[in-house]
Amino acid sequence: VTVGGAYADLVGNVGATGATDNVVIDTTNPTATVVITDANLNDGDDSSVVTITFSEAVTGFNASDLTVTNGSIELVSSTDSGVTWTGTFVASDDFDGTGSVTVSGAYEDLVGNVGATGATDSVVIDTTNPTATVVITDANLYDGDNSSVVTITFSEAVADFSSSDLAVTNGSIASVSSNDDGVTWTGTFVASDDFDGTGSV
């Protein structure tokens, strides 16, 4: 505030201008951004670094100020006096969908301005383990008809699957293949010769 206009005392003497004083102002509310480093998580890699970056240093912030969906967050801390905070997001087990981390709790900058909430980021999660069913088409095999189609159907597409992943008793399967990108696999079970009993895949 500076005295800059004309004024006079009660007998008409004109006053001097230029008197001034200053005050430091910070009424800016801090804001945040959230970044989950990995775009996808699965059973083999079910965790990711999460970085929460504030527009200025903040206090009163910890993991309880984060809303986490379909996972958990661990070890939230700052190494630069409160501007950047990192933690580890761990995806929920046996889940297929989206997880997220959102700033939802109270925090302030160093002079007490309350921070904005709502900053968020998400990650695609698939920690659901695939399952399989096996069907041997024929119920009985004998010398005149000693082979049967075997169908292995997975709950979702799989990779790196072959006949070596099958335990076959009292027979054999030379190879299996899929024509629908890995969901359904078929092969031919051939019963052992000169055997009377049960075979399995």
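How many bridges pair β3 and β7, and in which sense? The two strands pair in the antiparallel sense over seven bridges. The model is predicted. Its largest nonpolar core has 21 residues, and another core, of 10 residues, lies apart from it.

**Nonpolar cores**

- Within the largest nonpolar core, the residues that touch the most other members are Ile52, Phe61 and Val103.
- Two or more residues of this core come from each of β1 (32-36), β3 (47-54), β6 (71-78), β7 (84-91), β8 (96-103) and β10 (120-126).
- Apart from this core lies the one of 10 residues, which includes Phe154, Leu166, Ile173 and Trp185.
- In soluble globular proteins, nonpolar side chains tend to be buried together.

**Phenylalanine 61 and the aromatic pairs**

- With neighbours within four places in sequence left aside, phenylalanine 61 is in contact with Ile52, Phe54, Leu66, Val76, Trp85, Val103 and Tyr107.
- Six aromatic pairs are present in the structure.
- The ring centres of phenylalanine 54 and phenylalanine 61 are 5.0 Å apart and the planes stand at 75°, so this pair is edge-to-face.
- Phenylalanine 54 and phenylalanine 61 are both buried.
- Phenylalanine 61 also forms an edge-to-face pair with tryptophan 85, at 5.2 Å centre to centre and 75° between the planes.
- This second pair links distant parts of the chain, 24 residues apart: phenylalanine 61 is in the loop between β4 (58-59) and β5 (66-69), and tryptophan 85 is in strand β7.
- Tryptophan 85 is buried, as is phenylalanine 61.
- Through ring pairs, Phe54, Phe61, Trp85 and Tyr107 are linked into a cluster.

- The covered face of β7 consists of Trp85, Gly87, Phe89 and Ala91.
- Thr84, Thr86, Thr88 and Val90 make up the uncovered face of β7.
- In the pairing of β3 with β7, threonine 51 stands opposite threonine 86.
- β7 also runs antiparallel to β6, to which six bridges join it.
- Phenylalanine 89 in β7 is the bridge partner of isoleucine 73.
- Five residues lie between the strands in the hairpin of β6 and β7, where serine 81 takes a positive phi near 65°.

**The open sheet**

- Four strands form an open sheet in the order β11-β12-β14-β13, with antiparallel pairing.
- β11 (132-136) and β13 (171-178) are the edge strands, each pairing on one side only.
- On average, and with direction ignored, neighbouring strands of this sheet are turned by 20° against each other.
- β11 is joined by five bridges to β12 (residues 147-154), and the two run antiparallel.
- Opposite alanine 132 stands phenylalanine 154 in β12.
- Phenylalanine 154 is also among the members of the 10-residue core.

**Threonine 127**

- Threonine 127 is placed in the loop between β10 and β11.
- Its relative accessible area is 2%, which is under the 20% limit, so threonine 127 is buried.
- The side chain of threonine 127 reaches two backbone atoms: the oxygen of serine 92 at 2.6 Å and the nitrogen of aspartate 94 at 3.1 Å.
- Beyond its neighbours within four places in sequence, threonine 127 is in contact with Asn42, Asp43, Ala91, Ser92, Asp93, Asp94 and Phe95.

Key. Residues are numbered from 1 along each chain as its sequence is written. This is a predicted model: local features need pLDDT of at least 70, side-chain atom pairs count only at pLDDT 80 or more; totals for chains, interfaces and linings use all residues. Side-chain values use heavy atoms; hydrogens and water are left out. A nonpolar core is a set of buried Ala, Val, Leu, Ile, Met, Phe, Trp, Tyr and Cys residues joined through side-chain atoms within 4.5 Å. Buried means under 20% relative accessible area, exposed over 50%, partly exposed in between (1.4 Å probe, protein chains only). Contact means heavy atoms within 4.5 Å. Two strands pair if DSSP finds at least two bridges between them. Axes are lines fitted to C-alpha atoms, for helices over the stretch in contact, and angles run from 0 to 180 degrees between N-to-C directions. Rings of Phe, Tyr and Trp (its six-membered ring) pair if their centres lie within 6.5 Å; planes under 30 degrees apart count as stacked, over 60 as edge-to-face and the rest as tilted. A polar contact is a pair of N or O atoms within 3.5 Å; within protein, one must be able to donate a hydrogen and the other to accept it, and residues adjacent in sequence count only if both atoms are side-chain atoms.
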